[in-house]
Amino acid sequence: MGKQITFKRESEMPMISVSLGDMEWNKTGAWRTQRPFYEEKTPPCSAACPAGNDISGFILKTAKGDWEGAWNLIREENPFPGVCGRVCFHPCESKCNRGSFDEPIAIHALERFVADFAPRLSKKTGKAGEKRKEKVAIIGSGPAGMSSAYHLARLRYDVTVFESFPLAGGMLRMGIPSYRLPRDVLDRELSNIEALGVEIRTGISLGEHLKLEDLKDYQAIFLSTGAHRSRGLHIQGEKEKGVLSGLDLLKKMNLSKRIKMGEKIAIIGGGNTAIDVARSVIRLGKKATILYRRSREEMPAFEDEILEALEEGVKIRYLVNPIRVGQKDGPKRLECLRMELSEKDESGRRRPVPIPHSNLFIDADYVVIAAGEEIGASFLPEGAEKREGIVLTRRDGSTGIKGVFAGGDLASNQRTVAHAIGSGKKAAMAIDAFLQGKDAEEVIIQHLIGEGPSLSIFGYLHPGERLRNPHVVTFEELNMDYFEPAKRQGESKSAVKERIKGFNEVSSTLSEGVALEEAERCFGCGTCNECENCYVFCPDGSILKREELFSHQVDYDYCKGCGICFTECPRGAISLKEEAK
Amino acid sequence: MRRVITGNQAVAYGVILSRVDVVSAYPITPQTTIVEELSELIASGRLKTRFLKVESEHSAMAALIGASTGGVRTFTATSSHGLAYMHEMLHWASGARLPIVLVNVNRAIGPPWNIWGDQSDSVSQRDTGWIQLYCENNQEVLDTILQAYLIAETVRLPVMVVLDAFVLSHTAEPVEIPSIEEADSLLPPFCPDYPIDTQEPRSYSVITTPDYFLEFRYKVQKAMEEVPEVAKKVDDEFRSRFGRSYGAIERYGKKEAELLLMTSGTVTSTSRIVIKKLMEKGLSVAGIKIKRFRPFPSEEICEVIQGAKKIAVIDRNLSAGVGGIFAQELRASLYSREERPQVFGFVSGLGGRDITPALIEEAVQYTVEHPQPEGDILWLGLKK
Amino acid sequence: MKKIEIPPEENLGHGHLACAGCGAAVAMRLTLKALGEKTVMVFPASCWSIVPGFWPYSSYRITAVHAGFVTGAATASGVRAALDVRGDDETLVAVWAGDGGTFDIGLQALSGAAERNEDLLYICNDNEGYMNTGTQRSSATPLLAWTTTTPVMQPKENPKKDIMAIMADHHIPYAATATIAYPEDLIRKLEKAKGIQGTRFIHLFSPCPPGWRMPSEQTIKISRLAVRSRIFPLYEIENGRTYTIQEESHVVPVKEYLKLQGRFSHLTEKDIETTQRNVDDTWERLQRRARC
């Protein structure tokens, strides 16, 4: 087969022009001016994930019913799918290409589903194998510290985490009310990290019980102590009794301490802490009013949270700014000024300007100030530079002190769980590079997803595996002919009157059927899901299969380069380039 | 079995005795009664043949090309415009080397409309790569059909069997009809070279470049060149079984004649009477009947014209601008010979006009009286 | 998204000579997959007399009988008759003809075969013109289209012939339209047709990148837009009577279809309106027939 046939003599030829062979010898690939090739690209969701999750990868597995595979894939990058599925602000969803078609995929709900369902099927995570001789100390057991501990343990380091509170988890435990993050979910994911051989020593605080010099046995140190100090308003009366910072109130509640606060609570601020406080207070049967100096549009708290708070009876007064906390005993009286919005400031939000002589008074039994947090710098070792309220680090997370790295809220103003998890991962990679004598910055740059800052450790842990492509798929690169509109499936929420009775989780995990349905909505941008369009539509039969299995290979002997596969790939997993002359 | 039957019935019997598998045809006068006869036979269940009653002669031949490629024995019959309409497919059949047998009942081609006999229809298909056999009587018609399949399936070329409109097609004569067993013993089942076999899929009639096209046509010519010998064998075999034979040509009359009269088809029967009469008058004259027009029997003719000074040809056809085609072919055959008798090319009987004994005598008389013809075309019976 | 169930056999081999992005090559590959190797396919003159290669080669892995331009249905009738005589009632006899070989020069033979209800699967690969000879108009060329014989100064004045209506009125057991952007539908229809006795007709619409003056990678897209714009609706007709229309949920104006093709680039807004009206009328007529 495939041979060229020639005849020298008429007598060798058959009587009629009946075919004697096939055309396989005719390598039509020579016609090609453009070359298609399989190229997995990065979906915008993954590129937007501060924790570096392989989002479409895990959703693709979910859609196939492979929940354990999905769970394992998430945990290649992030040990906290149960946490992130609940509390992450999911910037992935706002970048989801499906949003330009109908509605974005409920990525957070799927992550949560996988985290809740898969562990039931899975055996406990095994240990990472024989440990290396190097030891790493991590200060702070929040998401940054524990993410770093997790990845370092996977890199086979001997890791010890020091935590000042009696329980591990940092801000996940102290700052987030359990109606958003049930403690069993957190405990489960923390214990999975411990199962890798990570030791957590609680009740040890840096500066107080521990000095950096005490950690001479450790070849590297990661500082991830977070930002626990509440910012004040710098107004009269804010230090008085009956006034507390939002974070301190949440810590107290989360450590199950009793607080006397009366019935009417005023909360000052428009961020997530303000909302968390207000909703927690409501659950204690009290009245909560948030005072915010700008309007709803500028509120930094997550939209969903604001909505749920309003549903639950939280009052929000906009365009008011307290200038004084009055009254010594009994009910507090807040003196406020009405505000109006002028032109945009450097944050892009319209600046609030007080309206002269607009003073008004708001009465409350208790005042909570939730005006943001900053780092406590007292313990910082010498050599660790601070700037603009955070510890200054290089691109690889290293500080001015050799072998000391910093991350999480301590070293960043992007204070989200996902960012903390990402920075812990970055530290793990940088520490490994540092300890193994590699160029840490280069390692980080190599493993950025898209243009960064999203970072993947997968390729670092599995050398030889494909690195994630810097090409982030745009909506225009997808072929919408293959998708039908389908309603986004979200978690269901319990009724408001049930919610406010206590601290039970507000929303529930997706059911298996709903999760499958939602996962199937995923475009899988840049990821081949073997739909076989390329194979089906190839006029030249040049998409190779091996024993009916899809091989992701083009038969360049015959491919004429028409580009149909490129156009008809629904998800942009095939690229086309000009053929080299 | 001896029966009095028309030429068209003789055709039908020939088809039956040849155990034809697929017939495909379209009606046209004077061929129609063949189609009718076959339809009756098939409808009565006496014949297991598939009959495709197609919508045109073009499709009739196309269907046979399909069927013959499929490896079965095939037959069609037509006339005149029908044959002309088939023209493209005639080339296809020979190029694909399909041993299809076609009966053409000679009829003039219009306009003006004319349903009577002349040979313009069949002779104008002379370059299509078909063997052409002309018949003189109904017995020969039947016998020729049997022989045609044997020749066709040996050399892998299609055969056109030709008979005159009405004079044979619609005229009854006694005909000896062989039994089916006798026919079977002469004609074995068709055994195709490249039968369709989906286990071994192949493509037929694949487009061919200038690299090989010439060679395929060369093969057609080689097959044509085999015909004289094959046809002779077949004819000999036929004689040994049935006592009848026809040859490619037949010479009758005086042994060493100075003047020869060449005819084909039923004109030969009339000529036989005229020649006999003229011989009795003392004329040195003999007749040549051309049965096989393609491949043209040049050698056979040359063998029987020793000593002849003149050959009169009566053509019941016309290639306008040239003349009668048999005469033309004869001239071409003689050209390479040292002894070249004068060829007198008469054209007569177009559109079914009778070629009477008187006209034939007139032609002979003219030939005797003239040392050479006064032109390439000598019109016989023309109302001048 | 559901994976397309496509039979794995490849019955069109590599190295064939179809232009890059040839819609008909996609159609052929899919068709031969659906029909399988127990098929004799008759090919009256079309691109498919050349695409499989020159002697002594052929890319077909089925039995192929090349035939005269006029003769698709007639030659196939003969092949069918021969197989019947040989007692082979398993092998499918099919015809693959172009629109020229179907709408124009082959219509008489097709009509004859359909009226006789020959046991054939006749596939008309419609690329709306004589593409093999360099893009001349046929009676399948759409209204106002450019071809080399309908230059832009005088584009095609007449709408496309309604071959499906013609076939339906032969009362054949099955007739269906299909196109390559809907491979499952195409394969389903071919398989359905395969299971029916008598004359079956598939009107298979295949974009032709060089003839339609369109980029080769748009072949499938344009095939899909043809359906979505209703210039080529997908439907089936059983026994000339029962219509089933495969309604497309994404209906787009015909402009969306026209604007991707160079053969329509000369169209003015008024021309596009005319085309849209023609599409609407034809669609309405189809629906009327379907309701009867």
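Axes are lines fitted to C-alpha atoms, for helices over the stretch in contact, and angles run from 0 to 180 degrees between N-to-C directions. In this predicted model, helix H2 (residues 72-85) of chain C packs against helix H4 (residues 107-115) of chain C at an angle of about 40 degrees, with the axes 6 Å apart.

**Helix packing in chain C**

- Angles under 35 degrees count as roughly parallel and 65 to 115 as roughly perpendicular, with the rest, apart from those over 145, as oblique; H2(C) and H4(C) are therefore oblique to each other.
- On the H2(C) side, the contact is made by C:Gly72, C:Ala73, C:Ala74 and C:Ser77, which meet C:Ala109, C:Leu110, C:Gly112 and C:Ala113 of H4(C).
- The residues of this contact comprise five nonpolar, three polar and no charged.

**Parallel sheet in chain A**

- Five strands of chain A form an open sheet in the order E4-E3-E2-E5-E19, with parallel pairing.
- Strand E4 (199-201) and strand E19 (404-406) of chain A are the edge strands, each pairing on one side only.
- Direction ignored, neighbouring strands of this sheet are turned by 20 degrees against each other on average.
- Within the sheet, strand E2 (residues 135-139) and strand E3 (residues 158-162) of chain A pair in the parallel sense over five bridges, and A:Ala137 stands opposite A:Thr160 in E3(A).
- Helix H7 (residues 143-154) of chain A lies across E2, E3 and strand E5 (220-223) of chain A, and runs at about 165 degrees to E3(A).

**Contact between chains A and C**

- In this contact, 32 residues of chain A meet 32 residues of chain C.
- On the chain A side, helix H18 (533-537) and helix H19 (564-568) are the elements that give two or more residues; H19(A) gives the most, with four residues.
- The chain A side has 15 nonpolar, nine polar and eight charged residues.

**Contact between chains B and C**

- Here 35 residues of chain B are in contact with 38 residues of chain C.
- Elements giving two or more residues to the chain B side include strand E2 (22-24), strand E3 (50-52) and helix H4 (80-95) of chain B.
- Helix H3 (57-69) of chain B is also one of these elements, and H3(B) gives the most, with nine residues.
- By class, the chain B side divides into 17 nonpolar, 13 polar and five charged residues.
- Strand E9 (203-204) of chain B likewise gives two or more residues; two bridges join E9(B) to strand E2 (residues 63-66) of chain C, and the two run parallel.

Methods: Residues numbered from 1 in each chain as written. Chains lettered and ligands numbered in written order. Predicted model: local features only at pLDDT ≥ 70, side-chain atom pairs only at ≥ 80, totals over all residues. Contact = placed C-beta atoms within 7 Å. Nonpolar A, V, L, I, M, F, W, Y, C, P; charged D, E, K, R; others polar. Pairing = 2+ DSSP bridges.
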